[in-house]
Amino acid sequence: MAEAEKTPADSVVFPTYASIYRPGQSVYDEMCSEPGVLRPHWQALVSSLEAMGLEELERRGVEVQRLLQDNGVTYNVYDDPRDAQRPWEVDPIPLLMAEAEWASIEEGLEQRSRLLNLLLTDLYGPRTVIRHGLLPPELVFTHPGFLRPCFHTLTAGQRWLITHAVDLGRTPDGRFWALGDRTQSPAGAGYALETRIIMARAMPKLYRDAPLRRLAGFLEAERATLAGLAHHNQEHPHVVLLTPGPLNANYFEHAYLANYLSLSLVEGEDLAVRDGRVWLKTLGGLRPVDVILRRVTDEYCDPLELRGDSLVGTPGLLQAVRSGGVAVANPLGGGIVENPGLLAFLPTLCRQLLGEDLRLPSVDTWWCGQAESHDYVESHLEELVIRSILPGSERYVGATLNETARTGLLERIRAAPHMYVGQASLSLSTAPCLEQGSLVPRPVLLRGYSVAVEDGYRVMPGALVRVSPGLDDLRVSLRKGGISKDLWVLAPTPQKHISLLRQAYGPIVATRDGADLPSRVADNLYWLGRYCERLDSSMRLVREALGQFLELQEQDNANTCLDMLLDALGVSEHASVGSRRSRFFAIRRQLLIMLTAPEWAGSLPHTLAGMLRTGRAVRDHLGEDSWRILNRLQQAILRIAPTFKARETRESLGDCLVLSAAFAGLNNETIPHHYGWRFLDIGRYLERVLTTLDLFKLAFVNTKNSGVPLWEVVLSTTDNLTAYRRRYRSALHPTAIVDLLLFDEGNPRSVGYQLRRLKDQIARLPHKQDTPYRSAEERLILEAVSILQLADIELLSALEHSRRSNEELMRLLDELYRPLNTLSDAMTHSHFSHAEVPRQLITMMQ
Amino acid sequence: MDYLVTHRTIYTYSGVVALCHNEARLLPRRLPWQRCADSRIEVHPRPALQLERLDFFGNRVLYFGIQDIHQELEVAVKTRVRVSGRPLSDQPYDRSWEAVRQALWQDPDPEIIEARQFVLNSPFVPATNRLIEYVRDSFTAGRPLLEAVNDLNHRIHEDFTFDPHFTTLATPLEEVLESRRGVCQDFAHLGIGCLRSLGLAARYVSGYLETVPPPGQPRLVGADASHAWLAVYLPGMGWVEFDPTNDCLPGEQHITLAWGRDYSDVAPLKGVMSGGGAHSLQVAVDVEPLPKSLQDTGGEELLFASDNDQD
């Protein structure tokens with residue numbers, strides 16, 4: 001067993017866990033068989049943890065949380081508009097499961113997967129279970145998971161249910177019960193894996209030597225099964241993970257699993273069906289897809305057949321499945337066996353279909369579609385939890401309903417009894433959790449996973465453990481979040497740690513990610529580059545404005561620089577008239593909007609949101625460290641509050657600028673310099689050149705009293721003050737500034753450099769084949785470069801005193817804007833045209 | 001009767017369509033009382049892939065995917081059909097509607113169990129109290145089912161005005177009931193809703209009806225339209241059809257295309273395309289009775305050479 005992470009001083013005596021932990025009397029506790037008495041399989045772990053001490057354990061808990069946050073382990077909360085993403089929380093004390101105990105769960109899960117697989121093939125084929133009266137037709141035909149178009153697409157004799165999850169709870173008598181099945185696109189295995197990895201990082205010694213079963217083998221089996229589903233390219237099948245996108249609650253997991261299992265992460269719009277096969281739209285054209293790991297509810301996968309009122313998904317997908325062009329896991333239509341009403345019939349079905357007794361019992365369930373069950377539910381409402389059989393429906397705890405709610409519910413059941421079930425209300429087992437330096441018992445719920453393998457089903461030796469926040473609150477739901485734990489399935493001896501990432505799976509074809517980049521990813525990378533640069537330049541402007549604002553506080557002068565900066569930020573509300581006091585407050589208000597108002601387009605939080613949105617959409621293309629920096633940048637910007645002092649805010653912005661530079665720099669260093677990186681870079685430099693032109697216009701053309709202070713601001717917001725000083729040392733001279741910022745191609749902050757870089761990058765983008773001509777974006781950037789190179793520098797050299805010179809600069813800027821403003825649209829048209837929305841011929845009301 | 005049915009649909013788009021996937025239920029069902037020769041299917045532009053299959057309800061579905069850039073889609077299906085009288089309509093059946101309902105719920109016969117899916121709500125036909133109110137007058141206690149359905153069929157015909165300009169696909173049944181107007185599709189949905197609200201099994205049938213021109217006038221080609229009616233399930237007897245739009249029992253003039261829970265299961269042409277913009281639609285249906293002489297001399301073997309009766 002593991003030794004303690006840190007040997008405490010001998011003089012300190014730690015309280016034993018058994019003495020400070022007080023489990024409830026009427027529930028099963030996972031750690032203690034009775035108060036003060038540890039279960040045998042916990043003893044080794046507990047003595048290691050006791051040796052570590054509660055304080056140290058708490059410190060490790062904080063470390064775990066920090067790692068989770070840094071890695072961006074989040075889930076999106078639909079009903080929380082303020083903060084759509086919440087960090088995943090993990091309690092540092094693992095939950096232990098003895099070997100023998102787990103073996104019986106394993107058997108139960110394996111049998112259940114076999115059973116549901118058979119049921120699925122029967123329901124989409126001969127429907128003998130209905131015809132022979134084993135399953136009432138009302139239970140199947142009213143459930144939205146029964147998709148008639150999928151009829152005959154799941155032929156008998158094959159394994160269709162590929163991944164399966166079961167929610168498990170333990171009652172006071174120590175028995176485990178299945179609370180429900182997930183067969184649509186079972187979520188959570190990725191969270192369980194990441195929880196394990198992070199816990200192992202925070203407590204390396206404890207984990208290295210622990211006799212616990214590892215998870216990697218299970219995921220390797222899943223990867224192999226998916227690859228084996230391919231009908232085409234069986235040597236090197238192209239397997240993709242289909243996600244609803246970054247707004248989905250489990251998007252983190254989708255990106256994580258895609259990376260871990262080496263799958264392409266795609267959305268429905270990235271795919272097209274042609275010639276009965278599925279293709280991924282990439283920069284280099286269409287690339288065939290052989291297997292789809294589906295994380296999208298099946299109804300939303302094919303607007304042609306599955307939902308007449310929907311436009312999301314891939315039209316023709318089901319037909320491609322039917323004609324054997326693609327394999328989908330889990331199969332379309334698989335949601336039907338999630339129906340909670342089925343739980344009441346599983347024992348009979350198991351005997352009839354498998355000839356076996358159901359090993360893992362389901363929570364007692366009464367389906368109201370049968371008169372006796374309906375009567376039972378009505379007369380035992382206080383003891384039951386009532387829910388509709390529809391997916392994601394609310395649960396009503398009978399005991400907590402008031403008279404009105406009770407009557408209303410009973411009426412709804414009577415109107416459509418086949419749509420409701422009553423289920424026994426379980427008191428779940430508890431496990432110790434660390435809270436405020438103490439150990440408290442909290443109810444836990446397990447989600448176990450199985451995957452189809454050659455000879456049956458393989459069960460993951462671990463689970464997603466969810467902890468309910470309060471003793472009485474049994475609504476433990478993945479969607480609503482909560483706290484998780486690592487589940488240790490104990491093994492007789494320490495097990496080797498294996499990670500899929502370090503393993504090769506047989507022969508591999510060397511590839512350089514290039515033209516097979518999905519167009520949508522290219523689009524998001526381009527916009528990530530733009531938002532990133534936009535945030536950077538806005539922060540520089542705000543920081544400069546804060547500096548000027550501080551000067552204004554000290555001395556009252558008409559500060560034209562501040563006006564120019566507010567103009568550049570797009571929040572100007574000229575307050576030069578009026579008293580000094582009113583002007584002061586007007587400027588303060590404008591700066592606050594820029595700093596803290598996410599609803600204001602162009603404010604820092606607003607731009608940050610765009611950056612995060614596009615960043616999340618290409619999560620699997622950003623390095624771990626880039627992602628960590630992005631998370632810190634988010635925290636740093638959102639921390640700025642109206643209560644901050646100007647000086648303090650200015651310093652925070654300095655820190656933010658460092659993070660934003662680190663993000664850009666790291667991307668440059670870690671993303672392979674292929675197409676993806678080029679799109680990021682083009683976004684970044686296109687944004688920068690437009691911002692630089694804007695700034696020029698404001699400082700040299702639009703302003704009435706141009707002069708030294710303004711030029712200084714231009715140099716410092718473009719981070720060029722040092723370069724200028726080193727080169728010219730002397731006082732500021734506009735002609736020199738124009739040269740440094742417009743023409744000097746060696747200066748990364750100059751328009752000349754930026755245009756050249758754009759030209760180089762655009763020239764290396766994928767080309768349309770069979771055409772010798774330049775693309776629209778090539779022509780536009782060539783135009784911009786020529787305009788700058790042909791500019792009359794002589795004429796511009798008298799900016800201080802010649803009106804003509806000023807006019808010439810204005811003309812030059814306007815000419816440059818023209819091609820650059822249309823460049824973005826041209827890029828979209830040439831490379832991101834996937835954005836085309838499908839349309840229905842007729843609209844079905846549903 | 002023998003007919004040549006032609007159903008032509010043309011979609012014209014304001015923009016170009018680069019890719020589209022479609023499903024047509026335009027091939028008539030093969031039934032004991034309806035024999036069909038092979039259909040002539042013409043789709044322009046030519047589909048890259050075209051497949052026929054049977055759907056969940058046994059309807060013939062034609063899938064086709066078009067991968068050529070186009071601004072107009074034309075689908076024309078021509079089928080030669082021979083319809084004879086429905087085999088069931090003359091047998092006596094005097095069970096009361098309550099007895100029928102009870103049999104539906106208690107009889108373990110697999111066919112009867114399967115028919116129960118047609119008692120449940122469907123996308124276009126939700127059960128409502130208003131429907132029960134309306135149907136009560138026909139379904140008095142102990143009344144034989146067939147008599148009651150006949151009465152309902154007659155009342156719908158009497159109470160409702162055929163008005164092709166009032167309803168659309170999206171008009172809810174409640175509104176049809178309220179305004180007492182609609183087209184054949186609405187009346188079929190209404191009849192189905194009434195029967196289901198009593199716990200009886202009813203399904204939607206789509207098809208064509210031969211229209212006879214007023215005496216002395218020539219038959220107008222392409223002036224016909226798709227038609228719809230309903231069927232009710234009688235344990236021990238099977239499905240019996242009713243046409244509330246015409247207050248009659250479907251006979252040799254009713255050509256069956258497809259059936260399902262309601263319109264949503266049998267829409268003649270569905271499709272999803274990328275691009276296209278706004279579109280306009282032209283549909284022309286022609287049900288041409290084949291002259292007696294042709295029937296007699298044509299030779300059945302030749303006309304229905306590839307017919308293989310199913311269902």
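Modeller: Here it is; note that this is a predicted model. To begin with burial, 42% of the 311 residues of chain B count as buried.

Biologist: What radius of gyration does chain B have, and what would a compact globule have with 311 residues?
Modeller: Chain B has 20 Å. A compact globule with 311 residues would have a radius of gyration near 19 Å, so the value for chain B agrees with that. Along the principal axes, the C-alpha atoms of chain B fill a box of roughly 60 × 50 × 45 Å.

Biologist: How many helices and strands are in chain B?
Modeller: Chain B has nine helices and 14 strands.

Biologist: And how is chain B divided into domains?
Modeller: Domain 1 covers 2–84 + 266–297, and domain 2 covers 97–265. Their C-alpha centres lie 24 Å apart. The contact between them takes 20 residues from domain 1 of chain B and 19 residues from domain 2 of chain B.

Biologist: Which element gives the most to the domain 1 side of chain B that touches domain 2?
Modeller: β14(B), with five residues. The elements giving two or more residues to that side are β1 (2–27), β6 (70–83) and β14 (279–289) of chain B. By residue type, that side of domain 1 divides into 14 nonpolar, three polar and three charged.

Biologist: Switching to the chain contact: how many residues come from chain A and chain B?
Modeller: The contact takes 32 residues from chain A and 32 residues from chain B. On the chain A side, they divide into 14 nonpolar, 10 polar and eight charged. Elements giving two or more residues there include α5 (128–131) and β25 (838–840) of chain A.

How values were computed. Residues are numbered from 1 along each chain as its sequence is written. Chains are lettered from A and ligands numbered from 1 in the order in which they are written. This is a predicted model: local features need pLDDT of at least 70, side-chain atom pairs count only at pLDDT 80 or more; totals for chains, interfaces and linings use all residues. Domain bounds come from an automatic or database domain assignment. Two residues are in contact if their C-beta atoms, placed from the backbone, lie within 7 Å. Helices (H or I, at least four residues) and strands (E, at least two) are DSSP runs, numbered from the N terminus. Ala, Val, Leu, Ile, Met, Phe, Trp, Tyr, Cys and Pro count as nonpolar, Asp, Glu, Lys and Arg as charged, and the others, Gly among them, as polar. The radius of gyration is taken over C-alpha atoms; the globule rule is 2.2 Å times the number of residues to the power 0.38. A residue is buried if 20 or more other C-beta atoms lie within 10 Å of its own, exposed if 12 or fewer, and partly exposed in between; C-beta atoms are placed from the backbone.
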